[in-house]
Amino acid sequence: MSDNTPSQPSDPTSDMLWGFWYPALRSDQLRGGKLERAMLLEVPLVLGRDAAGKPFALRDVCPHRAFPLSFGRFDGASVECAYHGWQFDAHTGQCRHIPSLTSDSKLKCDRIYAGSFPCEERDGYVWVFMANPEGRNFTSAGTSAGIAPNAAPSAPPAPELPTFSAGYQISHLWADLPCSVDHGIIGLMDPAHGPFVHQAWWWRSRRSIRDKAKQFEPIPNGFRMSPHAPSSNSAPYKLLKLITGEPATTTIDFVLPNQRFEQIRAGKYWLSSRTTVTPMRRDLCRLDFVAAWNILPWFPVVSFIIHVLGPRFIRQDTEVIEKQALGLKYEDRMMLVDDADRQARWYFELKAAHLESQRTGAPMRHPVSGPITLRWRS
Ligand code: FES
Ligand SMILES: [Fe+2]
């Protein structure tokens with residue numbers, strides 16, 4: 001298909017991607033010995049911290065009779081189901097105790113597992129590795145529910161926000177987005193909505209629309225907008241140059257399944273941010289934004305941008321997604337038009353290539369072939 005033809009992506013648009021880490025909760029939501037619920041890729045989870053503070057994640061469904069484990073008790077090592085008191089190791093999900101068994105019972109309760117998921121804490125988030133819907137103790141071939149060998153592959157290292165000096169400040173913002181993960185993500189990487197959705201005298205207006213040309217290159221599992229001088233029509237970047245006295249460069253990466261990284265470097269000063277759009281359900285995502293920076297901590301201009309302007313931006317994006325949802329009830333096809341929508345097209349192609357490589361076991365065929373310049377107006 002010609003690149004100039006408006007088109008629907010031909011690929012499964014609402015598929016959620018398995019085999020990746022997703023942020024389930026912010027670290028500060030998980031305190032003491034309390035159990036917390038979360039939902040990732042339509043899988044209900046119960047999370048907590050063991051006595052040493054290390055987080056864990058179990059499928060929030062008791063293998064006995066599906067009672068949510070999150071209603072139960074936690075003693076720092078095992079989660080006890082509130083229905084019949086079965087106890088499960090918090091990290092492995094292995095059943096430790098079944099109160100109803102008599103002392104001469106032959107039943108091997110240690111062969112019973114609640115679904116458990118690799119769980120790590122990074123950058124103020126509790127990340128969960130979602131290999132499959134059941135958790136790591138289950139084969140995809142479907143052993144009888146609850147009784148299963150250890151069968152899942154080990155998880156890769158959890159994602160980490162790049163930082164570039166020992167001291168820095170860090171901040172988190174978030175919002176729920178009532179949309180599929182695909183609309184959330186292509187909204188995130190969409191360069192054409194800025195002048196219409198994020199209008200403000202200090203940022204940019206419709207009148208400031210101008211021609212843009214940005215160079216892109218493939219990176220593993222994603223693509224990069226190569227280092228470039230930030231948009232000259234946005235005031236905060238002008239301000240940044242004014243205070244640091246250094247020309248700034250920006251690098252923006254998108255990496256499957258859902259991460260957008262942006263780095264701004266100006267001499268020894270840096271700002272590094274990551275935005276993720278995480279599917280909780282098919283129709284509900286959460287946007288998480290984390291930023292770390294070392295730019296003039298004594299002059300809180302970045303802090304102001306993050307804490308005052310950041311929430312405003314996120315609110316504008318959330319409102320757009322809420323309104324878009326009204327139309328998507330009647331029409332879920334979309335047009336991807338020219339270079340302004342090329343990154344969205346790449347996202348669908350990356351996703352399809354990933355699913356294909358998962359299906360065949362062959363290495364992923366990268367849809368972006370080499371350095372390429374995209375042109376649009378925004
Ligand atoms: S349902 Fe959980 S112990 Fe019976
Ligand atoms: Fe936006």
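**Exercise 1.** Work out whether Asn 221 is buried, partly exposed or exposed.

Solution. Start with the count: Asn 221 has 17 C-beta neighbours inside 10 Å. Next, the cut-offs: buried takes 20 or more other C-beta atoms within 10 Å, exposed takes 12 or fewer, partly exposed is in between, and C-beta atoms are placed from the backbone. So Asn 221 counts as partly exposed. Now place it: Asn 221 sits in the loop between strand E13 (211-219) and strand E14 (222-228). Strands (E, at least two residues) are DSSP runs, numbered from the N terminus. Last, its phi is positive, about 65°, although Asn 221 is not a glycine. Most residues other than glycine have a negative phi.

A word on the model: it is predicted, so local features need pLDDT of at least 70 and side-chain atom pairs count only at pLDDT 80 or more, while totals for chains, interfaces and linings use all residues. Residues are numbered from 1 along each chain as its sequence is written, and chains are lettered from A and ligands numbered from 1 in the order in which they are written.

**Exercise 2.** Find where Glu 42 lies, and say whether it is buried or exposed.

Solution. Glu 42 is in the loop between strand E2 (36-40) and strand E3 (43-49). Count next: 12 other C-beta atoms lie within 10 Å, so Glu 42 is exposed. Its phi is positive too, near 65°.

**Exercise 3.** Which loop holds Pro 257?

Solution. Look between strand E15 (249-255) and strand E16 (259-266). Then check the peptide bond from Leu 256 to Pro 257: it is cis, with omega near 0°.

Conventions:
Helix = DSSP H or I, 4+ residues; strand = E, 2+ residues; numbered from the N terminus.
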